[in-house]
Amino acid sequence: MMHAIPAGEFAVRPATIADVDTLARHRADMFRDMGMLSGDLHATMVDTSRPYVERLVAEGAYLAWLATPSGDPATIVGGAGLQLRSVMPGLRRHDGVTEIAPTMQGIVVNVYTEAAWRRQGVAALLMRHVLDGARAYGVGSLVLHAAPAGRPLYESMGFAPTNEMRYMLPLADATATRRASLT
């Protein structure tokens, strides 16, 4: 069932440590709804995400915003997050000018709208808060991995494909390396 809420009738607030369960659930729901996470792994994704989200929120390395219908702050209809990471200085071209890039980058993650509230501008509203938050924290660039359904929104906001490539180590190798670095 879709809820008929006029545009502009949503409130957005920063997420807090008290919202960790919702943020972890949104992450799992997002992957499930994209067809990337089977139902039998949903609870595992929530349980695995929760401590990471909690730690990053507590450290201020993960900023998130939650949308609610105006006048109903208890009903969360969507959320979006910005994970901050420090990167080495580099060159970037912007508006035809080469400059040294700031050392802060943001990864847009967990942009999610509950199914009954989709196509009402919730994700666009949340993304405006993400962009404002990135500016406020001095973030020099943002990256995200867009689902096909989200690409038109991100492109309309100025996001563009890049030349990024990825190499995935086998999970056992990555886990062993992480353990070795902690000892």
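How many bridges join S1 to strand S2 (residues 62-69)? I count five, and the two strands run antiparallel; pairing here takes at least two DSSP bridges between two strands. I looked up Ala-11 and found Thr-68 as its bridge partner in S2.

Housekeeping: this is a predicted model, with local features needing pLDDT of at least 70, side-chain atom pairs counting only at pLDDT 80 or more, and totals for chains, interfaces and linings using all residues. Residues are numbered from 1 along each chain as its sequence is written, and side-chain values use heavy atoms, leaving out hydrogens and water. Helices (H or I, at least four residues) and strands (E, at least two) are DSSP runs, numbered from the N terminus.

Next, the sheet. I see five strands in an open sheet, ordered S1-S2-S3-S6-S7, with mixed pairing. Strand S1 (10-14) and strand S7 (141-144) are the edges, each pairing on one side only.

I then checked the hairpin. Strand S4 (residues 91-94) and strand S5 (residues 97-100) run antiparallel, joined by four bridges. His-94 has Val-97 as its bridge partner in S5. Two residues sit between the strands, and Asp-95 takes a positive phi near 55°.

Last, the helices. Helix H1 (residues 20-33) packs on helix H2 (residues 39-59) at about 135°, axes 8 Å apart (axes are lines fitted to C-alpha atoms over the stretch in contact; angles run from 0 to 180 degrees between N-to-C directions). So H1 is oblique to H2: angles under 35 degrees count as roughly parallel, over 145 as roughly antiparallel, 65 to 115 as roughly perpendicular, the rest as oblique.
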